[in-house]
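The sequence and the three-dimensional view are shown first.

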Amino acid sequence: MATHEPLLSVEGLHVSYGTKEVLHGIDYSISEREVVAVLGANGSGKSTSLNTISGFVAPSAGKIVFEGTDITELPAHKIFRHGVIQVSQSRDLFPELTVEHNLRLGATIRNRGEEEEHLERVFEYFPRLSQRRRQLARTLSGGEQQMVAIGRAVMAKPRLLLLDEPSSGLAPQFINEIGTIIQALKDDGATMLMVEQNLALALQGRRPLHHFARRRRQRRRVRKIIGRQSRGNCPHHISLTGWSNSRRENGDFHEGLGVA
Ligand SMILES: Nc1ncnc2c1ncn2[C@@H]1O[C@H](COP(=O)(O)OP(=O)(O)OP(=O)(O)O)[C@@H](O)[C@H]1O
Ligand SMILES: [Mg+2]
């Protein structure tokens with residue numbers, strides 16, 4: 001793959017559930033080592049967007065290219081093997097298995113032989129999990145469960161990590177811990193696409209960011225919120241860009257921002 005090519009590109013993505021269209025032509029691309037955060041209203045299609053990239057939902061039109069390979073039609077398990085690893089909004093742990101067992105299930109043919117090394121790495125990221133390695137997943141707090149879900153994805157050696165609302169339902173202390181981990185993964189060179197409603201978490205990349213919104217009034221509103229929330233953790237500049245032409249017709253999936 002030539003270095004200037006994006007790691008992931010999504011072109012003209014349309015997704016429907018039955019007759020109800022949820023995504024109306026989304027275009028974006030993510031470069032290697034970028035962290036991109038997507039914001040949007042509840043029900044606007046953020047999870048659908050991630051689920052389509054990872055092959056759990058089939059698009060009705062459009063193209064998804066990952067590392068130069070067209071993955072639009074591939075089944076989820078093959079997309080997983082390419083290293084596109086998703087942490088779903090529901091976390092999907094095995095409640096009756098221990099923390100360590102759940103983590104080990106993330107190790108796959110992608111990193112067989114490196115399992116112990118990756119497990120140690122996860123425990124370095126999450127010392128709290130190391131202390132609880134023999135504890136059943138169902139007995140963990142919500143924040144700890146989120147850590148296992150992210151840790152399990154790290155075990156799979158992701159080329160692209162998709163995080164669906166990692167801060168959802170967590171107390172501020174856990175949000176900070178998750179933020180620290182996301183920063184550590186970023187520093188270690190991870191590429192991430194995350195849905196995140198917590199602006200402080202979404203903006204922690206301290207990098208130039210672009211945001212998109214359908215109408216000028218919404219753009220102004222989002223810019224104001226971003227300016228307020230990112231004070232002290234401020235990106236170098238904020239520039240307004242159109243996410244895509246098709247976004248203009250996209251009444252629902254209208255707001256988002258990318259941390260470059
Ligand atoms: N499997 C499904 N079958 C039918 N409709 C679905 C399905 N999954 C999602 N939807 C609908 O598609 C729309 C977008 O859902 P999605 O979960 O992608 O939204 P979201 O932006 O992630 O919302 P939230 O912020 O609440 O997580 C919603 O109206 C939802 O009801
Ligand atoms: Mg969602």
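The sections below treat a strand pair, a loop residue, a ligand shell with its helix, and a helix contact. The structure is a predicted model.

Strand S1, residues 8-17, and strand S2, residues 20-30, run antiparallel and are joined by eight bridges. One position in this pairing is Val10, whose bridge partner in S2 is Tyr28.

Ser31 is located in the loop that lies between S2 and strand S3 (35-38). With 15 other C-beta atoms within 10 Å, Ser31 counts as partly exposed, because that class lies between the limit of 12 or fewer for exposed residues and that of 20 or more for buried ones.

Ser31 and Leu7 are 24 residues apart along the chain, yet their C-alpha atoms are separated by 4.9 Å. When neighbours within four places in sequence are left aside, Ser31 is in contact with Pro6 and Leu7.

## The shell around ligand 1

The residues around ligand 1 are Tyr17, Val22, Gly40, Asn42, Gly43, Ser44, Gly45, Lys46, Ser47, Thr48 and Gln89. By class, this shell comprises two nonpolar, eight polar and one charged residues.

Helix H1, residues 46-53, gives the most to the shell, with three residues.

## Helix H1

Eight of the eight residues of H1 are buried, so the helix is largely enclosed by the rest of the structure. The buried residues are Lys46, Ser47, Thr48, Ser49, Leu50, Asn51, Thr52 and Ile53. Of these, Lys46, Ser47 and Thr48 also belong to the residues around ligand 1.

Just after H1, Gly55 takes a positive phi of about 90 degrees.

## The contact of H4 with H6

Helix H4 (residues 115-125) packs with helix H6 (residues 142-155) at an angle of about 145 degrees, and their axes are 9 Å apart. The crossing of H4 past H6 is right-handed.

On the H4 side, the contact is made by His118, Leu119, Arg121, Val122 and Tyr125; on the H6 side, by Gly151, Val154 and Met155. Classed by residue type, the contact has five nonpolar, two polar and one charged residues.

How values were computed:
Residues numbered from 1 in each chain as written. Chains lettered and ligands numbered in written order. Predicted model: local features only at pLDDT ≥ 70, side-chain atom pairs only at ≥ 80, totals over all residues. Pairing = 2+ DSSP bridges. Helix = DSSP H or I, 4+ residues; strand = E, 2+ residues; numbered from the N terminus. Axes fitted to C-alpha atoms, helices over the stretch in contact; angles between N-to-C directions. Left-handed = near helix turned anticlockwise from the far one by under 90°. Contact = placed C-beta atoms within 7 Å. Nonpolar A, V, L, I, M, F, W, Y, C, P; charged D, E, K, R; others polar. Near = placed C-beta within 6 Å.
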